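Have the sequence and the coordinates open as you read.

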Amino acid sequence: MKQVKNRWKKLDNAAKIFPSSSTLADTHVFRFSCELNSPVNPKLLQQALDETAKAFPIFGYVLRRGVFWYYLEASNLKPTVSQEHKPLCAPLYRPTTRTLLYEVSYFGATVNLEVYHVISDGTGAMHFLRTLIMKYLSLRDGLPEENLGYETAHSGMADDSFRRYSRRIPMKRRHLPRAALLRGSKLSENRTGLIRGTLRISPLLAAAHEHNATLTAYLSACLLSAIGEEMSVRARKRPVILNIPVNLRNYFPSDSVRNFFTPIYVGYDFSRGDGSFADILATVKETFARELDRDRLTAHFNSLTAFEDNIIARITPLPIKDLVLRSAYTLSNKEYTATLSNVGIVQMPQAYLPHIRAFHVCNATNKMQLCVCSFGEHISLSVTSPYLDTNIQRRLFRHLHELDRSLLIETNLLDDDA
Amino acid sequence: MKHCDTCGIQVRTSRQTCPLCQSALKGESEAVFPKIKSLYSQYTFFFKLLFIATAAGVIASVAVNLMIPQSGLWCHFVVIGAVCFWVLLITAIRRRTNIPRGILNQVFWICIFSGIWDAVTLWHGWSIDFVIPCTCMAAIITLGVIGKVLRLPPGDYIGCILADALLGVTPLIFYLANLLHFIYLSLSCVAVSLIAIIALLILEGDQIRTDLARRFHV
Ligand SMILES: [Zn+2]
């Protein structure tokens, strides 16, 4: 017991910004959901969660304030399953109480995993949810547990991969233009509105391939065009820019479940281009080809490790660091209009497929964010937004509806939110 | 499953209207998300009322004091009292899940506030003679007992005892500066604190070292 208490870890490179910049409106909490084919049994889910938590020690850590930096400290807190009773992606970290940085809840047939970005990114959290669902179904139906294609209880699991792959690459600081920003009245109590569309993946892939584009590039163009069309003429003077987190595990081998991503920025200037879908997609494809390159990606996350290595930055007391990082975050927020993150394909062993209806992912943010994941023959697109207005979502989903008539919309917005 | 005729899209929801275009939906209702109640609980409302009440009390007493200056200057007592009340209340609530840290913060504020009260009431020295040494001593003993009885992990309370013991050495300054009228409590407090510090360093040295290492890592 004593040994457990004394284990601690520095925050990884990408996580350093999150505690300082988390607010009630921007909680840095994201949610993965798995919809099963029958209502959840809370007792079995709790049992599955206890086992899963053991396999992912980093999820048992709590966030503490040091004198100079935040750090993660091992705790012996036990996660408990509860029926969903809090707003979507509500804050998980409170500075004065020691709580786990993730939560598992259920509603009907859906299991939700909410994670504070400090301990993990989408890839790590998805491993956790897949393991949880596998253990739950194997407890419920006696299905055999299978290897999910990554090493658990592996020493590399809690690695800071940024440190491992950081190297000096001379590069000019990127100069980003200020992006067009969405405005409008917000939902009450800093709530996050979610509108989610599920459709078959094949028509979407066919449409992307028809334009010789990847799925992410095609969806970026869809979102850019939807935002551009809905913007006022005045707002369109600035380019619409998407922030697209790139999973660095695809470029640098890593088994870490902690953060390992860096954003790239993809923009389109509606005041210059003709605003046609083809032109937007061409610009997006060009940017992707330029940015998705090992050296350029390394240079991006190097600017973060450089901050960490700067001695003045290191010995600045935490309250001052909080202020500096918070204003840096506010400034960087002006560089993009919305976020698009594609978590990719969710794999489950063959025997489990008939018991699972869908996987979904969404993120709390003070901006509009489109989160994408696909499972089996379907793809789930979740648009979260703090704004009341749903015109961009309407345009986006009507466009996708033209590709697949079976598109299904779900939302957490209530009638009186409108 | 519901259906929106305007968008032509299927919507799985318990809503009456389409989330995309606000026109009426037709079909069978199905809840995918729970209805979440307002975050602002009755407690928040209670604290708001309490805050309005204290603010009103403070403003009214300042006004009354100014109206009847012949009664002497007394409204600053009300102001200091209100501030003390709120600081102690907020500390207690914020730290309610971390008992050792809550006690440490309360001790700190009690020492500060007793000094202030003593100073504004013609300085009889009761704060440094009695309140500060008693509070510090009581806290060191309470923390030690709570830690053992509740079986808290050492990382949760050893640091608090150490910080409290360091605070408990400060009466030595008052003693050396000859400010004390009553030396017994202060010297006992210093003695208890020093013993606690030595015992902690010898018995929990490793714990304190790792504690310091993580708190001060650069
Ligand atoms: Zn509609």
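The notes below go through surface patches, domains and a few backbone details.

## Ground rules

This is a predicted model, in which local features need pLDDT of at least 70 and side-chain atom pairs count only at pLDDT 80 or more, while totals for chains, interfaces and linings use all residues. Residues are numbered from 1 along each chain as its sequence is written, chains are lettered from A and ligands numbered from 1 in the order in which they are written, and side-chain values use heavy atoms, with hydrogens and water left out.

## A positive patch on chain A

On the surface, A:Arg178, A:Arg183, A:Arg234, A:Lys237, A:Arg238 and A:Lys334 form a patch of positive charge. Patches take residues with over 30% relative accessible area and no salt bridge, joining like charges within 9 Å and nonpolar side chains (Val, Leu, Ile, Met, Phe, Trp, Tyr) within 5 Å. A salt bridge here is a side-chain nitrogen of Lys or Arg within 4 Å of a carboxyl oxygen of Asp or Glu. Lys and Arg count as positive and Asp and Glu as negative, with His and the chain ends not counted; each charge is placed at NZ of Lys, CZ of Arg, CG of Asp or CD of Glu.

A:Lys334 sits in the loop between α11 (318–332) and β11 (338–345) of chain A. Helices (H or I, at least four residues) and strands (E, at least two) are DSSP runs, numbered from the N terminus.

Chain B splits into domain 1 (1–35) and domain 2 (39–216), with bounds from an automatic or database domain assignment. Taken over C-alpha atoms, the centres of these two domains are 56 Å apart.

B:Leu172, B:Tyr175, B:Leu176, B:Ile183, B:Tyr184 and B:Leu187 make a nonpolar surface patch of about 570 Å², an area from the Shrake-Rupley method with a 1.4 Å probe, where for residues only the protein chains shown count as cover. Helices α6 (171–176) and α7 (183–203) of chain B each supply at least two of the patch residues.

## Two positive phi angles

Most residues other than glycine have a negative phi. A:Cys89, not a glycine, has a positive phi of about 55° and lies in the loop between β5 (81–83) and β6 (102–107) of chain A. A:Cys89 is buried, at 2% relative accessible area (buried is under 20%, exposed over 50%, partly exposed in between; 1.4 Å probe, protein chains only).

B:Leu122 has a positive phi near 65°, in the loop between α3 (99–120) and α4 (126–149) of chain B. B:Leu122 is exposed, at 72%.
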